[in-house]
Amino acid sequence: MDFAFDARTEELRERLLAFMDEYVYPAEPVAAEQRARLASPWDTPAVFGELKAEARRQGLWNLFFVDEHGSPGAGRGPGPGAGLTNLQYAPLAEITGRSPHLAPMATNCAAPDTGNMELLAQFGSEEQKKQWLEPLLAGEVRSAFAMTEPEVASSDATNIETRVEQSASGDAYVVTGRKWFISGAMNPDCKVFIVMGKTDPEGVDPRRQQSMILVPRDTPGVEVRRAMTVYGFEDHEHGGHAEVVFDGARVPAANLIGEEGAGFAIAQARLGPGRIHHCMRLIGMAERAIELMCRRAIGRTAFGKELAAQGVVQNWIADARVTVEQLRLLVLKTAWLMDTVGNRGAHTEIQAIKIATPRAVVGILDQAVQLHGAGGVSQDFPLAELWAAARTLRLADGPDEVHQRSLAHRELKKYAGPR
């Protein structure tokens, strides 16, 4: 494994770092000021459009995406994606994680759109790609992934209760169910939901009962009911996390993604890359926290000396640096395995980073908050919101305990004798 950056990655890193310094960080307070003046807090501040236009101009667009021909895009070729490997994309996603509410959106690399674009590219029909993938890649619309439900433990996808029933005529499906924490759905630019529901609830194989279907937001019977808060934050920049009700929403049969019964497998294919993208950005969040800790420690005096001279503060900063370096190596190894042996071959490592990274980054952010005192929990620093985002990722895309259970089963199988 060689983790040295190749020439292309280094070039993109330098351009992305400059873009962050020149455009993204200065836009953070501007976005907050503009949002406060909007008629609705869910509308998009003008600065987002400016950032997206500049990112496209600089070729920092769709960095996560490889098109079906593998051709390099982002201003360098005919394809819509940058044509990067996971190992090449990892350090770039880390950089965007330093400003997770602005940079991923600015570069069209934000969840849940990234996972939805990859899903449509891999499983969508040509018509579905034309209608939804192309405008998503162009940044003209947003999307949401509707899987989690309030009445069941959605970490076990076989529990999903939403129904996707074929009409008597066979030319449509009717979607009925209640979802919540549907990220991005509060944004008015969110034009389509990818909904997971059961087409065969009585099927013998519980992993063949579910299907995925495209439901446009303006479909009669679709109600975006309310925004769900995350530790009190509404995540306006991200598009919020909505409760959505599908009350007999009827869509054409052609909106089914793949075949009936393929929903569970499609969900697993979608979530694998999404998990590593989250972990890449989390490392960037930790780096932002370490930077803020160091600046605070050097510039603040208590009990007659700088905070930087306090032993406990030095321990926090040293331990944070060691932790980030360890996490980065595990994430890079996982990216390398995904590139060389595929997502299945990297299954253990994907689960390992999903367990380790959010947990460790929450700890680093917690110490950064502590070092900032009252300011750490306020809106004057990004730490409280970063902490809430990192803590939430211990639940998103599968809680820690689900990944621990699966990883332990794999380890135990190595030692299990014949039965």
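# Exercises on helix packing and buried residues

Let us begin with Asn-86, which is found in helix 3; helices here are DSSP runs of H or I with at least four residues, strands are runs of E with at least two, and both are numbered from the N terminus. The model is a predicted one, where local features need pLDDT of at least 70, side-chain atom pairs count only at pLDDT 80 or more, and totals for chains, interfaces and linings use all residues. Residues are numbered from 1 along each chain as its sequence is written, and side-chain values use heavy atoms, with hydrogens and water left out.

## Exercise 1: Asn-86 and its helix

Task: Decide whether Asn-86 counts as buried or exposed, find what Asn-86 touches, and describe how helix 3 packs with helix 8.

Solution: 

Step 1. The relative accessibility of Asn-86 is 18%, so this residue counts as buried (buried is under 20% relative accessible area, exposed over 50%, partly exposed in between, with a 1.4 Å probe and protein chains only).

Step 2. Not counting residues up to four places away in sequence, Asn-86 touches Met-280, Ala-335, Met-338 and Asp-339, where contact means heavy atoms within 4.5 Å.

Step 3. Now widen the view to the helix pair: helix 3 (residues 86–96) and helix 8 (residues 311–340) pack at an angle of about 145°, and their axes are 8 Å apart. Axes are lines fitted to C-alpha atoms, for helices over the stretch in contact, and angles run from 0 to 180 degrees between N-to-C directions.

Step 4. On the helix 3 side you will find Asn-86, Leu-87, Ala-90 and Glu-94, which meet Arg-328, Leu-332, Ala-335, Trp-336, Met-338 and Asp-339 of helix 8. By class, this contact has six nonpolar, one polar and three charged residues (Ala, Val, Leu, Ile, Met, Phe, Trp, Tyr, Cys and Pro count as nonpolar; Asp, Glu, Lys and Arg as charged; the others, Gly among them, as polar).

## Exercise 2: helix 10 against helix 11

Task: Work out how helix 10 and helix 11 are oriented to each other and which residues make the contact.

Solution: 

Step 1. Helix 10 (residues 347–372) and helix 11 (residues 383–392) pack at about 160°, with axes 9 Å apart.

Step 2. The two helices are therefore roughly antiparallel to each other (under 35 degrees is roughly parallel, over 145 roughly antiparallel, 65 to 115 roughly perpendicular, the rest oblique).

Step 3. From helix 10, the contact takes Pro-358, Val-361, Val-362, Leu-365, Asp-366, Ala-368, Val-369 and His-372; from helix 11, Leu-383, Leu-386, Trp-387, Ala-390 and Arg-391. These residues divide into ten nonpolar, one polar and two charged.

Step 4. The buried residues of helix 11 are Leu-383, Ala-384, Leu-386, Ala-388 and Ala-390, and their cover includes helix 7 and helix 10.

## Exercise 3: cysteines

Task: How many disulfides does a search of the whole structure find?

Solution: 

Step 1. The search finds zero disulfides, a disulfide being a pair of cysteine sulfur atoms within 2.5 Å.

Step 2. For Cys-109, the nearest cysteine sulfur is that of Cys-279, 16 Å away.

Step 3. Cys-109 counts as buried at 1% relative accessibility, whereas Cys-294, at 28%, counts as partly exposed.
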